[in-house]
Amino acid sequence: MQDVVEKVYEQVVARNRGEVEFHQAVHEVLESLDPVIAKHPHYAEGALLERIVEPERQIMFRVPWVDDAGQVHVNRGFRIEFNSALGPYKGGLRFHPSVNAGIIKFLGFEQIFKNALTAQGIGGGKGGSDFDPHGRSDAEVMRFCQSFMTELARHIGPSTDVPAGDIGVGGREIGYMFGQYKRLRNSYDAGVLTGKGLAWGGSLVRTEATGYGAVLFAQSMLSTKGESLEGKKVIVSGAGNVAIYAIEKAQQLGATPITFSDSSGYVVDEAGVDLELLKQVKEVERGRVADYVERRPGARLVTGGSVWDVPGDVALPCATQNELDGDAAATLLRGGCGVVSEGANMPSTPEAVEAFQKAGILFGPGKAANAGGVATSALEMEQNAGRTRWDFATAEAKLTGIMADIHDSCVAAAEEYGRPGDYVLGANAAGFTRVADVMIAHGIV
Ligand code: NDP
């Protein structure tokens, strides 16, 4: 890293002690900016880099709630409003026991550049709580969401900050939070949250968008080599929103996904995933991946090891950060994997990314490959503002166009800065320059 960039990174580590995921995300972006700063030194003036790594606002709050047995619990809530140069803060809410300030900050930081890549006028933010919805009744989840929103409501709004879902936050949780927001404000501000139900302001394709987008990105990368997903064997991790719809789109494009996973293990179904059964188990019954295996002859559950031990042509990590390390990358490469498209945020460790890049395979980083979700959230905001609703084909065509544009922006930026085919550099450079140009236009704020 150049001195000027290295200094910014050292300051981030010193100021945000112990927040290792945040350090990792900042390092990855700053490292990519070396050729950008070398070519355009004005991006390092006016403390622009120092400003972009510092959130505009960090909110941390107590979330007390009562379980079904009458016991009181206290969780911690977060909203990091990172950068509003391009529009209202936009980014999901994560409910998972591992959530802490560093994880929310890493996600919020990534979100700035991801949202810039969509070219839709949305700033970057992220939030969540260390609340674990697993095993909680609907009534408990509702009481938690109401308590969480009671504080969050004072910080958000359709032109200020527009949260959505992430791990542990789906349509049910968004519904409870929207209900509480509406009650507190006495105002039907549909545009304050995205990922809403279709009957109350949601957009068709929002549920599918992140998974579909990650697969469309893989298809675009393959097309640069004159190839396609047709006939390819696909290894998927996760069994949540992103994984399920990545499997769906991969199947539609003629590929065969054969795995999925959750924190209890992974499933291998060599005949190809039975998507209807997977949706029934995960979306309807809120069950575990083992429930799929019980009803699917030929499928097996593996509780040790890693889903990346299974050989395939394409890998779609769709679970969580740092789920694919250097060893897993080496195993995937030995198994013949030629494409990785990240559905999750920062699922590959730096060692894994290095291994993929050294091997010269197609590697699509999350901030580009999984931007379809937030892009479709912005389409939901657009429909809410216009009090209109598009049909599925219209919304999907827009998503497909946005993903193609993101892919092409990454390719063009990688070429401009002398590393053709490097989607990491391409995504970071294209996202950064869009935000930085507007920050410069807005002055020192
Ligand atoms: P879900 O909560 O719907 O699903 C998450 C899946 O990943 C579950 O199967 C979960 O298993 C598994 N998982 C989560 N944490 C771990 C862990 N520590 N170890 C093993 N498995 C784990 O979340 P999403 O599908 O929405 O999100 C998945 C990823 O995609 C996240 O990185 C998220 O930030 C990213 N993303 C999501 C977007 C969206 O629109 N939803 C948009 C862009 C990115 P279990 O149930 O056992 O915990």
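The following exercises, each with a worked solution, concern a predicted model.

**Exercise 1. Packing of α1 and α2**

Determine how helix α1 and helix α2 are oriented to each other, and which residues make the contact between α1 and α2.

Solution. 
Step 1. Two packed helices are described by the angle between their axes and by the distance between those axes.
Step 2. Helix α1 covers residues 3–15 and helix α2 residues 20–39; they pack at an angle of about 170°, and their axes are 9 Å apart.
Step 3. Angles over 145 degrees count as roughly antiparallel; α1 and α2 are therefore roughly antiparallel to each other.
Step 4. From α1, the contact draws on V4, V5, V8, Y9, V12 and V13, while α2 supplies F22, H23, V26, H27, L30, D34 and I37.
Step 5. By class, the residues of this contact are 10 nonpolar, 2 polar and 1 charged.

**Exercise 2. Helix α9 and its ends**

Describe which residues of α9 are buried, what they pack against, and what is found at the start of α9 and just after it.

Solution. 
Step 1. The buried residues in α9 are L275, L277, L278, K279, V281 and K282.
Step 2. These buried residues pack against α8 (241–252), β8 (259–262) and α10.
Step 3. At the start of α9, a side-chain oxygen of D274 comes to within 3.3 Å of the backbone nitrogen of E276.
Step 4. Just after α9, R286 adopts a positive phi of about 50°, and R286 is not a glycine. R286 belongs to the loop between α9 (275–284) and α10 (289–294).

**Exercise 3. The setting of R387**

Locate R387 and decide whether R387 is buried or exposed.

Solution. 
Step 1. R387 sits in the loop between α14 (372–385) and α15 (392–416).
Step 2. Although R387 is not a glycine, its phi is positive, about 45°.
Step 3. The relative accessible area of R387 is 80%. Exposed means over 50%, so R387 is exposed.

Note on methods:
Residues are numbered from 1 along each chain as its sequence is written. This is a predicted model: local features need pLDDT of at least 70, side-chain atom pairs count only at pLDDT 80 or more; totals for chains, interfaces and linings use all residues. Side-chain values use heavy atoms; hydrogens and water are left out. Axes are lines fitted to C-alpha atoms, for helices over the stretch in contact, and angles run from 0 to 180 degrees between N-to-C directions. Helices (H or I, at least four residues) and strands (E, at least two) are DSSP runs, numbered from the N terminus. Angles under 35 degrees count as roughly parallel, over 145 as roughly antiparallel, 65 to 115 as roughly perpendicular and the rest as oblique. Contact means heavy atoms within 4.5 Å. Ala, Val, Leu, Ile, Met, Phe, Trp, Tyr, Cys and Pro count as nonpolar, Asp, Glu, Lys and Arg as charged, and the others, Gly among them, as polar. Buried means under 20% relative accessible area, exposed over 50%, partly exposed in between (1.4 Å probe, protein chains only). A polar contact is a pair of N or O atoms within 3.5 Å; within protein, one must be able to donate a hydrogen and the other to accept it, and residues adjacent in sequence count only if both atoms are side-chain atoms.
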